[in-house]
Structure formats: structure tokens, C-alpha cells
Amino acid sequence: MARRPHHLLYTPRVPLWRNRTVRYAAYQLFFLGSVAWGIYSMFANAQENLRSRGIQSGFSFLYNTDSLFVISETMPVPVPEGGGLFFLVVLSGGVVGTWLLSRWAEARKIHMGDDNRLVTIAVGLLVILPGLVLYSTGHTIRSVEYIVPSTYGMGMLTGLMNTLKLGFFSLIFGTIVGLVVGIARLSSNWLVSLLSGAFIEVTRNIPLLLQIFFWYYAVLRTLPPVRQSLKLDAYLILNNRGLTLPRAVGTESFAPFMATAVLALVLIFYWARYVRRRQNRTGEQLPVFWPSLALLVGLPVVVWLLLGRPFTLVFPELRGFNYFGGLTLSPEFAAMFVSLVLYSGGFIAEIVRSGIQAIPFGQIEAAKGIGLSWGKVLRLVILPQARRLIIPPLTSNWLGTIKDTSLGVAVGYPELVAVGGTILDVSGHSLEVIGLTMLFYMLTSLLVSLLMNWYNTKVQLKSR
Amino acid sequence: MNKLFATLSASILLTAFLSTTALGGLISDIQSRGYMKCGVLNSYAGFGFLDAQGKYQGFDIDFCRAIAAALGTDLRYTNLTGKTRMPAVQSGEVDVVLMLVTETMSRETNLALDYPAVNFYDGQAYMVRKNLGVKSALELNGASVCLTSASTGEVNTADFFRKHGMSYKPVIFERIDDSNRAYNEGRCDVAMGQSANLYAWRATLKNPNEHVVLPEFISKEPMGPVTRGNDRQFTMAVKFIVHALMLAEEKGVTQANVEQMARDPKTDPEVRRMLGADGTLGPDAGLPKDFAVRAIKAVGNYGEIFENNLGQPTKFKMQRGLNALWSDGGLYYPIPFK
């Protein structure tokens, strides 16, 4: 008779509440339960209080009610239906397809950028296919704009678009300013270094709201009234209502024109790729910049000459109080843009400086030692390494800048918080409007940090 | 808004129950106390402000003076804000509030307040630069308007322009100062505010004559003294005093001639009854017999109060407009004193 293992012969009768696993699981469950209960009771409490005070709640007001107030800056928003939906589906299909392709290549230990066929498939999925769809169905895409009367939901969306517009341009130009100033701060030229130092200290140490007011009133005070506008013929009209430009309206040759521009970009991509691979193989260098510029300008110009002008200009005209019919850059947007660019530029400059200074100086000396020009040292040695250190703090700064756009309400820029405030007052749905505003900011921030984290993992050192 | 009202009225009720003022006898309370407590503004040019000597002056202040004089008592002022004025009158902190409070249905019902009489009719209006050549708010199509966020003005403007098939470009600020400054810097063609507020603000601008307040009212704002809702005798007394000042203007009774008219047996019989020369109108209302004489002697009739504080001799140069007597095309139609 086989002997039973010892631990089965004697099974100690541990009570359930003294069982380690059970106890730890119970703690976790208890904690999770109390958090869930807390959230639920807050929610139920708010619901109950709203009901007892006779306050309506729910989100149906967003699309049921007509809003009659006017928003000063609106833009057309494409509707995801018909051609627009088709394009969206094809584009996201392309993104997913490319991602699957890269996973497939990774599993086979192929570096995707080295394989001609894979690169061509990716370009086809990401650019050519969506481009063809847009080319053939682009004219069916419908867009809506906030025009009185619209729904409150459309008002919120317009506020969001204004926030995104301001945030997008501020991020890009703020980063460029920060990069330039950050590098200039380390210049061996005493004056350049001093000036950029002064810029950094001034922009970083004055509260953003004050800077916004300063630029707003500085802008307003210098600009002339409408009747005495500064004009560059009819192309550029500057007054204290803003900068007004002619509006471009596409003609029949607009689509081929844009298509060749995209084609030029694809060709540039292939050319740059060819040059890089050739240099890796033979060490011989070919120019990239000038041929690219020639392609980008040349191809569309040829189409222009063959098919006629791709767009006509609609000139603004003075009617009563102001110029109508053009594109207007408002003083509110300008003041917000300038102050956000300078403010975030100051912070990013310090991030860039710290990133560069973290690189061992020997690397720079070595790069100079083999005879690279300063521009190449920067481009090939310093920035690629500094990038790894810059990106995490840069992400935080970008998130901050997006949220700082909410200060626009102080100078009358109709961003999300400002429009939300009006809707809140007119509709009375304060909880819903504030909740929705918070949700929009959170989604935008999460999207930005998702992209930046993805990029961050790409550029980090791969240690195995 | 409803929630705010609910919290506000709850706290008011609490203070009201805790306060020790005897119900129903505010006039005798004031008279035995020896002074009336008037809630006012101290920084609203023309209506309630402190002059160079630190004394309260203005249109609403004169009404405080008239009421106190009619009751035959001294007067003490309490400076209040928009948030504190309603609780103050509810709790008995002040006897009457005179600070351009607009009468609305919800204030009378939810806050249990009384509006004895209107002493100033106003409405939200627009101000523009004179060189635009605009004569009427109906010519403002396409104008840009400086507004304050979450104000009634925002909604009133949208309604007004829509009603008249016009478009406009709003520039909406968080605070009224910023909105005013932006108009001043030329950002907007149009500034909006209560008409009287616009006149008072215009007078403080660098060149007041370059700006003109357009005649159209965008909203209706009937304003007047506010009293507690549970003392009918005092509320009626305030009403009679305000109406006496208006009837005095209608019948030509002025600060200068009031005593002589009260003595003259040939005076209009209604005026004699109002001034207490005949009948018992005053005592029946719980007021001194000569309450109207005292009030008019203190500050003049309604027309004199308006002229002295807001009219042609002042920097505001305000027109009577709606605030004229019915016989002059205005809205004041004093009750018969009989």
C-alpha cells in the first residue's frame, strides 16, 4: 500500500477567517466595496437632492433645446455620416492595420522600416487609401456650424473646438519657442545667452493671467478702430476687431491640387528613406531639403498651371460696423495665443536646457572633434539623446497648457469654460454642464498623454 | 438659482425667527428707538455714495431722508451689498433698503419681501460712441457687444437682436470691469448695462460727450424701497410717503413753498389733506399729521430729488423719461389723497 503524503495525512483544520488567502481577499473586497459604496452614495445623494429641490437633471437638454445666444467664434465641424464616416472608417482601419502589421513584423523579428514591402503596405493603408476615399467622396462630407438657433450640445462642441484650436497652436508654437530659447540659453555668445535667460525668467515668473491681460490690452490699445483699419490692399485688414484675411473657397481643381500635395509628401518620404539607406550602405550623402521643397512646391504648381487656380479668394467688405465675409483672427485669440506661447515657451526652454545639460559633455566634444558642424552636432548627437529626457516633463507641460486655455474666459475668448458658463446659466443644468466640461478636458488630456507615452516608449533606450 | 434662493431664504428665516423685533409695530419701534435704519449703497454715483466730506448723498439717500423726516426720527445708514441686502431687511438689521432693488415676482414670494412703491424705472440699455452716428438700438445690426458672462444682459441681448432680425458679435467677459474696459479700449461698438448705470459710468469716462446711451430699453427694471413682508403698517407708510412726494410735484408743492401752502386756506383741498391741514390721513396711517410737510421740507418733491441728484445741474444730465409724472408722459401716477 502506497503511503499517502504527509501533508494529506494531517490536514490542520484552519478556520476560514484565519486562512491567509481568504483574509487578504476579504480585505481587498472590503476596501473596494467601501469605495464603491462611497461613490454610489454620493451619486444617490446628489440625485435625491436634485429631485427634492425640483431641479431637472439629465443630458437631454443638450439636443432637445434650442439655444439662442451667440458665440463669437465658430467653426464648421464635419459630421460623421456618409462620406465623412466612410473616410473615418477607412482611416482608422488603416491605423489598426498598420499596428497589426507592426506586431506581425515584431513577432518575426523584422524591423518594419527595413522591409520595402511592409513600408509600402503601411503607406498605402495610412495615406493612399484614405486619400483616394477622400478624393472621391470629399464633396459629400457635410459639416455643421453653430448658428443661432442651435442646440446646447452644438454650443458645447463649439466651445470644445475653440479650446482645441487654441491649445493646438499654442502647443506647437510654444514648443518651437521653447526649443529655440532653450538652445540659445546654452549659447557661448554672451548676449544671446543673457537675452534668452531674461526671457525665461520674465515669462516664467509672472502669473499667466496677468500676462494675458497685458497682451490683451497691449493688442487692443495699439490697434486702430474699424474705420481707420491698417490695410494691405484687400488682402490684410488689421483693426481692433482683429486681423481679417480673405477667405479661400475651393474650385474644381482644388481636389487634384491637394491630391498632388499629398503625393509630393509621399514622394518626399520615399526620397528621404532612400537617402538614409544609401548613406548607411555607402556613406555617401545626398541632399534632402532642397529636393523636398522642389517636390512640395513644384508638383502642386504644375497642377495649378494645368487645371487653373485651385481656389478663389472672397474678400471681406466693410458693411456698417465691421468687415464681413473674411476670416478673422480675433484680438482675444491673439492675446491668448501669444501669452500661452510665451509662458509655456519659457518653461519648455528650461526643460530643453536640462535635457541638453544632462548629456555628458564628452559627447559634444567628441562630435566636434570629428569635425561635425554645430548644426549637425545639435541635430545628430545632442537632440536625439536629449529627447529621451525632455519628453516626460514636456508631456506634463503640454497638459498644463491645454488646461491653461480655460483662462480665455477672462478676456472674452469663447472656449469651453466660457461657453459652458453661458449654457449653465441659460439652461440651469449646472451639474451636467460642469461634469461634461471636466470630461472633455480629461479626455483631451488623456489622449495627449497617451500619444506622448507611446512616443516616449519609442524613443527610450532599449536595454535588453 | 432656485437652490441659491432656497439656501438664502432658509438662512433668512432662521435669522428672522431669532431676531427680537416685535411684530407689527415697526413705526413705533423706530420712533421709540429715535432713529430709522436705512440700508444703502456707498459707491454708486448719483444714487448712493459718500461725498468728499464722507456724507451719504444720492437719489436713494434722499428717499431715506424723506421717510425718516416723515416719521420724525433721526437716520442711520448701513452699507450693504447685493448679497447682504435681502437678509439684512429680513432680519431687522435695517428697517428699509433703498439701493435700486428690482422688483420681481420671485423676490416678493420666495423671500417674503414687500415693495411699497417704485421710485425709479429703468431698463437695460446700450451705449455707443457718438461718432458711429447710431440713433437707435435698432440700427445696431452687425455690431460687436461687450457683455458679462452669465448675466441677464447676455440673454436679453440675444432675445433683442433675434426679435428684430439683427445679428451681433458678443465678446463675453467674466467680470464687469473687464467688459467695461474692453469697450473703453474700442474692442466693442456697444456696451450694455442698466440705463442709469450707463449714465453714471459715462460721466466717469474721459470724454463723456463722445458716448451716447441709446433710448431703447432691452429689459424692464422697476426699482424701489424694500421692506419686511410682515409689517403692513410700515410698508404702507413708506408707500404713502413716496406717493406724497410725487403728488407734491404734480401739484407744485416744493421744498421752498410747502409750509406756506400748508397754511394757505386757498390751497387745493387734496394738497391740504395730504399736508395734514385738513383731515386725519396721517394719523390713520400711523404717521404724524404733518408727515408730508416734513418729508418735502427735508428733500423736496420727487422732481426736485431727481433734478438735484441726477438731472441737468449734475454731471449725469439724466432725462426724466419713464421717471416723469403721468401728466408729462412718464409712469408716476400718485394715488388720490382722500
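Start by selecting B:Asp290, which is partly exposed at 29% relative accessibility (buried means under 20% relative accessible area, exposed over 50%, partly exposed in between, with a 1.4 Å probe and protein chains only).

Before moving on, a word on the model: it is predicted, so local features need pLDDT of at least 70 and side-chain atom pairs pLDDT 80 or more, while totals for chains, interfaces and linings use all residues. Residues are numbered from 1 along each chain as its sequence is written, chains are lettered from A and ligands numbered from 1 in the order in which they are written, and side-chain values use heavy atoms, leaving out hydrogens and water.

Next, stay in chain B and pick B:Asp95 and B:Arg33, whose closest N and O atoms are 2.9 Å apart in a salt bridge. This pair links distant parts of the chain, 62 residues apart: B:Asp95 lies in the loop between helix 4 (85-91) and strand 6 (96-102), and B:Arg33 in helix 2 (residues 26-33). Helices (H or I, at least four residues) and strands (E, at least two) are DSSP runs, numbered from the N terminus. B:Asp95 is buried at 3%, whereas B:Arg33 is partly exposed at 26%.

Now show both chains. How many residues does each chain bring to the contact? Chain B gives 31 and chain A gives 30, where contact means heavy atoms within 4.5 Å. Between the two chains there are three salt bridges. Zoom in on B:Asp189 and A:Arg241, which form a salt bridge with their closest N and O atoms 3.0 Å apart. Are these two residues buried or exposed? B:Asp189 is buried, at 6%, and A:Arg241 is buried too, at 8%.

For the last stop, select helix 10 (residues 289-307) of chain A, which supplies eight residues, the largest share of a nonpolar surface patch. The patch covers about 930 Å², and among its members are A:Leu265, A:Phe289, A:Trp290 and A:Trp304. Patches are made of residues with over 30% relative accessible area and no salt bridge; like charges are joined within 9 Å, nonpolar side chains (Val, Leu, Ile, Met, Phe, Trp, Tyr) within 5 Å. Finish on A:Leu296, found in helix 10 of chain A and partly exposed at 37%.

Definitions and conventions. Accessible areas come from the Shrake-Rupley method with a 1.4 Å probe; for residues, only the protein chains shown count as cover. A salt bridge is a side-chain nitrogen of Lys or Arg within 4 Å of a carboxyl oxygen of Asp or Glu.
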